[in-house]
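Hello,

Here is the structure we talked about handing over. Please open it first, then read my notes below.

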Amino acid sequence: MAATIESVAASQLVSGGASLVNKRPIFTNDSKYLLVCVGHLVRVYSVATGRCVQNLVGHKDFVTSVTSNPHNKLQAVTCSLDGTVRHWDLIDGTLLKTFTFPWPIHNMLVHEAFPVNNYYLSKESIADTPQEVIYQLVKAVPGSVDSEESIIYNLTGEPDKNMAVSGTGDFIAGISGPKVVVYYNRTQTHVSLKAGAHPLTCIACHPTKSIIAVGNEKGHITTLMNFHRGQQDSASNLEHWHAHRVEDLCFSAEGTFLFSVGHECVLVDWNLEKGTNDFLPRLGAPINHVSCSQSNDLKAVCLLDNAILILAKNKIQHTIQGISRSRLYFSTTYMPCGILIDPRTNALVKNGRKGHLQFYSIDEDKSIYNVDITGENYVSGASLKDILKYTDVVKAAFSAKGDWMATVEERRSTDNSELQSRLKFWVFNEQQQRFLLNTTVESPHEAEIFVLKFQPSRENTNSSNPMVATVSHDKKFKIWVYGENLTSYKKSKCWNCDCVGFYKDMKPSDGVFSADGSLFMVSFNLTITLWEPMTNALRKTLCHTLSNQPIRELESGRGQSSHFLVSATADRVTVWNLLSCQVVWSVKISCKLLISDPYSELMACVDSSNTLFVFHPAKAEPAFTMNDLQSKVINGLFAPCKKTVQSEGAILPWQKHSRLFLVTEDEDLVAIVTKEEAAVQSSKDKFQSNLEESLPRTPFAEFIQQQLSSGTKRPKSEQLTKHVGDSTLVKEMVLTPPYILPSVRALSTGFFKSLLHPAGNQRNSEDDETDSEDDQDMQDKSDDSESEMEVTRDEVKPSDTSSPSIPQRKEVQESELSQLAETSKEKLSFLETTFTKLSVVDSR
């Protein structure tokens, strides 16, 4: 692969994985939407549905703060590291104003008491040491360089948590080490308050009173009062519940409650008037932000595993889940399971929160569901640096149809001397629409399992007997089959170990099934062994003589290239022909990641210099090369291509069946697409919808829509006349807006009278007209028959009389009765529908 060919212009598109919890989310003033900073844009989520209904796109760098405009409740104000402050219309998502400043903006304070043309912004300041980062709050006017005025110096901590403005706008408070600095806007003076001996982490101001609450590194919460007279006359109150540092504080809208969060996965609710507290425990992960709505009935908490919980009455109403982050539990990116594709849903599957597997929709960029594999809750350690040992999911695999899932979970002792492992087999239940545990195998191997593969389905085999292979560092590989349970007293099916294989007491490095499942290939150092899985018989060995480095990865070809086997070492990629057992080609390249496409014959390779190659196993020259990958790649996969992609923009020639996705060290999901498709996706991110139209419909609105869409579309007057006649009262009841109608009791008497009398009179008149018409017809027929009898009396028989017989009269009556029954049914249905609507209106 040293020689490269020119490929079509391609681009890297970040398709998911952005953090939702880096900054505090904010509720709109009507508490209907939640504004979330996500990378370079702001997403607007509906509180009622939990879905993203709008994107505010325009910033060129990370958005650092979003808030409602205090001077216009229908607008939002954002700031970014690109040095701009932007005003947005929340109704249609359009950009209204842009103000540019000469430095990156890390936070912003707004209040209706502040002048319209003044902005209180946070920027970095020069620190004494390179490791320390400090900020300063400045007051600036857009377009005027000389108007910059420093308000508070030496702000420490996170920029979105180290300063706050009072509810009345009289003062601004900031954190400077263990002290609180208060700046008064009217007098432009400062007051320094000491809040303990430990560094402070967060600050919040009471919405109506001159009270400041701060949290520190030791889990203490201190409330400061009467500080306007100075340090000596100020009063403080100390609360201590958190075992670790306090991550965030937030007052309720009326100021009765104070909410605090931290690494204990608990939302603490402090009642300031009664001096009591309440808890909402086991939220799943440590919490780093909390926000309260203006209506006091909603709260939003940000979990460090990239999830936002919308709480109503201390119950989870909706969960906004991004791709789970592993850096919550590890200092570096840790994805032991890699990334997989669920064949049933085409969802991306990876490690979620501790002990879980996350199923994530790539197309919709949202989490579908999580599967709890280990059944353990997250518990914080004695310190933030001392992370407890948990049982973690290290391997996962799916069968070809997605009806089976296999997982391997491991738990190590504190000193890593002992290993506990379990192999679990899960079957998908169609009725419950979830995976159910079928078999658990304790200690399937004596060492770590690093390969877990399902046998590809074969056309001539029974799919009800799947097969799984595991490879471990205990120098063995095992074949597992699904069959009769030999140890149970009742007849059932489970997974059992069918055979065990090893080769010359050597440690294996990788294993893979052939495309048709007839061979299982295991690499041992420089040797590749070919085994027949049904009989566990060694069929062939291939010796790698072109490199002295051990084989790292194996991948089998697919489709027309199923007879190829690709091996990768630290310095070379080699392709073997399994039919002739010879090397087809070999290229010197430092391959760190080898990816096989299950939907085509292509493969992808990422080398140590972070260069991407896409190639066909039959050719040494790559079909596609990309040198400028944005970030270090740690994993990747091919996902099935959507049918709509081809119509929306030109696709790469080698992506007719699938798309390539790469995972970076920042855990971003990057798609390799054409520049045309990237432009199409960028325009989709700028979608603007009317927020009022995105609100869910009320039950009454759904009822009206259903009535309008059902049946034949006729004028309202005709429909009413058909069912209830020409009653003026009923027409007014149905056509009048429901919010101005009186109660049902006041309308019931007149309503029943209007239904009974007009409908009855109309029915009687219709019956009289029908009877008169029938009598007239019978009289005419009788006259005709008498005239005929006078002319030909001798020729006519008694059975030839033309007058209506008794059976014919019965048929006429039955048809009339059936028509009357249908009319009654229609009237009854209309009455039930009308009373249901009136009952809903009356209850509201």
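Predicted model: local features only at pLDDT ≥ 70, side-chain atom pairs only at ≥ 80, totals over all residues.

Strand E20 and strand E21 (residues 235-240) run antiparallel and are joined by six bridges.

E20 has another antiparallel partner: strand E19 (residues 211-216) pairs with E20 over five bridges. Here Ala 213 stands opposite Thr 223 of E20. E19 and E20 make a hairpin, with three residues between them. In that turn, Gly 219 has a positive phi of about 90°. How much of E20 (residues 220-225) is covered? Mostly: five of its six residues are buried.

A second hairpin is formed by E24 and E25, with four residues between the strands. Gly 275 takes a positive phi there, near 75°. Strand E24 (residues 267-271) and strand E25 (residues 276-280) run antiparallel, joined by five bridges. Asn 271 has Thr 276 as its bridge partner in E25.

Next, an open sheet. Four strands make it up, in the order E46-E47-E48-E49, and the pairing is antiparallel. Which strands stand at the edges? Strand E46 (553-556) and strand E49 (582-588) do; each has a single partner strand, so one side of each is left without a neighbour in the sheet. On average, neighbouring strands of this sheet are turned by 20° against each other, direction ignored. Also in this sheet, strand E47 (residues 564-568) pairs with strand E48 (residues 572-577) in the antiparallel sense, over five bridges. Phe 564 has its bridge partner in E48, namely Asn 577.

Now the cysteines. How many disulfides does the model contain? The count is zero. Look at Cys 605. Its closest cysteine sulfur is in Cys 591, 3.2 Å away. The cut-off for a disulfide is 2.5 Å between sulfur atoms, so that distance is too far for a bond. Is Cys 605 buried or exposed? Cys 605 counts as buried, because its relative accessibility is 0% and the limit for buried is under 20%. Cys 205 is buried too, with a relative accessible area of 11%.

One glycine is worth a look. Gly 58 sits in the loop between strand E5 (52-57) and strand E6 (63-68). Its relative accessibility is 19%. Buried means under 20%, so Gly 58 counts as buried. Where is Thr 98 relative to Gly 58? The two are 40 residues apart in sequence and 9.7 Å apart in space, C-alpha to C-alpha.

Last, the cavities. A search of the whole structure gives three of 30 Å³ or more. I looked into the second largest cavity, which holds about 50 Å³ of space.

Over to you.

Best wishes

Conventions:
Residues numbered from 1 in each chain as written. Heavy atoms only, no water. 1 Å grid on protein atoms, 1.4 Å probe; cavity = no way out; pocket = protein on both sides within 12 Å on 5 of 7 lines; lining within 4 Å. Points joined across faces, edges and corners; volume = space filled by probe spheres on them. Pairing = 2+ DSSP bridges. Helix = DSSP H or I, 4+ residues; strand = E, 2+ residues; numbered from the N terminus. Axes fitted to C-alpha atoms, helices over the stretch in contact; angles between N-to-C directions. Buried < 20%, exposed > 50% of the residue type's maximum accessible area, 1.4 Å probe, protein only.
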